[in-house]
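Here are my notes on the model, point by point. Please read them with the coordinates open.

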Amino acid sequence: MTPQAASVLELFRLRGAYLEGHFRLTSGLHSSQYLQSALVLQYPEAAEELGRRLASELRRLTRSPADLVVSPALGGLIIGHEVARALGARFLFTERDGPGRQMALRRGFQVERGQNAVVVEDVITTGGSTREVREVVEAAGARVLAAGSLIDRSGGQADIGVPRVALATLAVSTHDPDQCPLCAQGIPVVKPGSRPC
Ligand code: ZN
């Protein structure tokens, strides 16, 4: 693990946003790790610092300046806004809308043809939301240069079709309760927070 990844996880750990143990997630699956980035991003100085670091990684990755940072609501709102501040870019967000619960740009957000965008999320798990945001932005005529997240919990596997960077990469494994190795060891299971990812 790089020193930067270690220090980002340490920031999460200090705020109770990254726990190790034996957890029951909202999906019902068990995991030895729990991430809740809202617990670190609730501190504006931590959010600002993480936004600066992610912006600098994105700058290194893209070379051309980004006009727009676009994030999926709700998870990407705070960190996307901080990255946009650090990049001197405009910040837009997508939300799920309509009967198909499709990602869309609402609220009068305008994207101009030929603008450069980066997509920012707090945590990437499968990359599904980031991919959807990318499609929305491209359909509006902008170019998506890259994507970034604070944490990649796919172990580097998520492919969203553009260069991607994360401040820390984790391989988070989840288990069915009846096949959970931690249950097998008799370790008590805990349900943390109200909305684990
Ligand atoms: Zn278990």
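1. The cut-offs are under 20% relative accessible area for buried, over 50% for exposed, and partly exposed in between, with a 1.4 Å probe and protein chains only.

2. Basis of the values. This is a predicted model, in which local features need pLDDT of at least 70 and side-chain atom pairs count only at pLDDT 80 or more, while totals for chains, interfaces and linings use all residues. Residues are numbered from 1 along each chain as its sequence is written, and side-chain values use heavy atoms, with hydrogens and water left out.

3. The zinc ion is coordinated by H22 (NE2), H30 (ND1), C180 (SG) and C183 (SG), at 2.0 to 2.4 Å. Donors are N, O and S atoms within 2.8 Å of the metal (3.2 Å for Na, K and Ca); water is not among the atoms, so sites may look incomplete. Along the chain, the donor spacing is H-x7-H-x149-C-x2-C.

4. Zinc geometry. The four donor atoms subtend angles of 94 to 123°, which makes the arrangement tetrahedral. The test for four tetrahedral donors is that all angles lie between 85 and 135 degrees. Ideal angles for four tetrahedral donors are 109.5 degrees.

5. Main core. The largest nonpolar core has 35 residues. F12, L50, L54, L150 and I151 have the most contacts inside it. A nonpolar core is a set of buried Ala, Val, Leu, Ile, Met, Phe, Trp, Tyr and Cys residues joined through side-chain atoms within 4.5 Å. Elements giving two or more residues include α1 (3–14), α3 (44–62), β6 (116–124) and β7 (143–152). α3 gives the most, with six residues. Helices (H or I, at least four residues) and strands (E, at least two) are DSSP runs, numbered from the N terminus.

6. L54 and the second core. Not counting residues up to four places away in sequence, L54 touches I79, V83, V120, G148, S149, L150, V165 and L167. Contact here means heavy atoms within 4.5 Å. A second, separate core has 15 residues, including L68, V70, M103 and V144.

7. Helix α5. This helix covers residues 128–139 and has twelve residues. α5 reaches 17 Å from its first C-alpha to its last, close to the 16 Å expected at 1.5 Å a residue. The expected span is 1.5 Å times one less than the number of residues. G128, T130, V133, V136 and V137 are its buried residues. Their cover includes β3 (68–72), β4, β5 (102–105), β6 and β7. G141 follows α5, with a positive phi near 105°.

8. R53 pairs with E49 at 2.8 Å between the closest N and O atoms. Both lie in α3, four residues apart. R134 pairs with E138 at 3.0 Å, and both lie in α5, four residues apart.

9. Other salt bridges. D152 and R164 meet at 3.1 Å, N to O. This pair links distant parts of the chain, with D152 in strand β7 and R164 in strand β8, twelve residues apart. D152 counts as buried because its relative accessibility is 2%. R164 is partly exposed at 21%. E95, D97, R106 and R107 are linked in a network of salt bridges.

How values were computed
Four donors count as tetrahedral if all angles lie between 85 and 135 degrees; four count as square planar and six as octahedral if opposite donors are over 155 degrees apart and all others between 65 and 115; anything else is irregular. A salt bridge is a side-chain nitrogen of Lys or Arg within 4 Å of a carboxyl oxygen of Asp or Glu.
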